[in-house]
Amino acid sequence: LHLSAEELEKKELRKSLNKSIEDFEELKETKTKPKNKTKDDKEKGKLIEKEERETGNVKAGVYKKYFGAAGGWKIIALLSFICISSETINILNSYWLSYWSGNFDTIGSSFAIAVYASLGVSNALFILGRQLLWAFATWKAAKSLHEGMLNSVFASPLSFFHSTPQGRIVNRFSKDQNSVDTTLPEVACDFIVCLFYCTGKVVLVAIAVPIFLLFVLPVLAIFFAVVHFFRKTSRELKRLVSISNSPIYSHFEESLNGLDTVRAYGLQPHLLKESKNFVDEFIKITFNTVMTDRWLVIMIGLVSTLLLLIAVVLVTI
């Protein structure tokens, strides 16, 4: 009944050993058990970061930065003055022709032609000044934005180049920069010219038929509703076009770098299929962008025709 001291010591040692083995098994199960990773944990584990895309309206800071790079409020004020002067001369030109045709017998032909020619030359000079000023301002803005982007890339740490594909960087310095160099200045110039041209024509018709202004506000409301509906779709499509262009450059550059490995394992058909998929996605988004632009042209044409119809009816009444 009574155990010896030696047997008790062996029993305690056996219990301690069994407990250590159980603790070790529990610790092993805890380490090998898969954890439920969150989305943030998965993103942190990736080497290549996903390209971000802005949503919603373009922030006011973007416009402020662009026009600030173009020259600030001085350029905007000078450009507005030139556009207003040019459109004013255009209205005076039309008014002078009307006045001349109504008083043909009392006004000398030489004097009338001299006034008409002076107005035409002045308008041409203002148009030339507007184009030169706008070309200089947009060139300055594009140059400033390009230098800022280039300095940012040169000053980036090595981790930036590990997590950012080269095709994405090439896309920024090629297609996106081309949009800033050529597309944006052309579209902005057309917008400014059309804005002052339409304003001048509305003022000209309102002088002849004042009641026309009562119909302008409802038509403008329809116009802004159409543009607001269009902008939401077009803005996101433009962003998708920019993002879908980067994988094409990245895939092409990676294929060239690993060309020996691709040929060794016979992966040419696989890479060709991937490249076609990237191009197809880009074309799909581009096609939708073009279709939305055509839709806007049709709707603006209908609204403009409605406004023209109202003006014609009011003049003939």
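Modeller: I begin with the term cavity: on a 1 Å grid over the protein atoms alone, it is a set of points where a 1.4 Å probe fits but cannot get out, and lining residues have an atom within 4 Å of a point. Grid points are joined across faces, edges and corners, and a volume is the space filled by probe spheres set on the points. A search of the whole structure finds one cavity of 30 Å³ or more, and the largest cavity has a volume of about 30 Å³. This is a predicted model, in which local features need pLDDT of at least 70 and side-chain atom pairs count only at pLDDT 80 or more, while totals for chains, interfaces and linings use all residues. Residues are numbered from 1 along each chain as its sequence is written, and side-chain values use heavy atoms, leaving out hydrogens and water.

Colleague: Which residues line the largest cavity?

Modeller: The lining consists of Tyr66, Phe67, Ala70, Ile75, Ile76, Trp134, Ala137 and Thr138. Two or more of the lining residues come from each of α3 (60-70), α4 (73-102) and α5 (109-154). By class, seven are nonpolar, one is polar and none is charged; Ala, Val, Leu, Ile, Met, Phe, Trp, Tyr, Cys and Pro count as nonpolar, Asp, Glu, Lys and Arg as charged, and the others, Gly among them, as polar.

Colleague: What makes Trp96 and Phe111 an edge-to-face pair?

Modeller: Rings of Phe, Tyr and Trp (its six-membered ring) pair if their centres lie within 6.5 Å; planes under 30 degrees apart count as stacked, over 60 as edge-to-face and the rest as tilted. The rings of Trp96 and Phe111 are 6.1 Å apart centre to centre, with 80° between the planes, so the pair is edge-to-face. Trp96 lies in helix α4 and Phe111 in helix α5, 15 residues apart. Tyr95, Trp96, Tyr99 and Phe111 form one aromatic cluster.

Colleague: Why is Trp96 called buried?

Modeller: Buried means under 20% relative accessible area, exposed over 50%, and partly exposed in between (1.4 Å probe, protein chains only). Trp96 has 13% and therefore counts as buried, whereas Phe111, at 53%, is exposed.

Colleague: How do you know that the span of helix α8 agrees with its number of residues?

Modeller: Helices are DSSP runs (H or I, at least four residues), numbered from the N terminus. The expected span is 1.5 Å times one less than the number of residues. The 46 residues of α8 (residues 212-257) should therefore span 68 Å, and the end C-alpha atoms are 66 Å apart, which agrees.

Technical notes: 1 Å grid on protein atoms, 1.4 Å probe; cavity = no way out; pocket = protein on both sides within 12 Å on 5 of 7 lines; lining within 4 Å.
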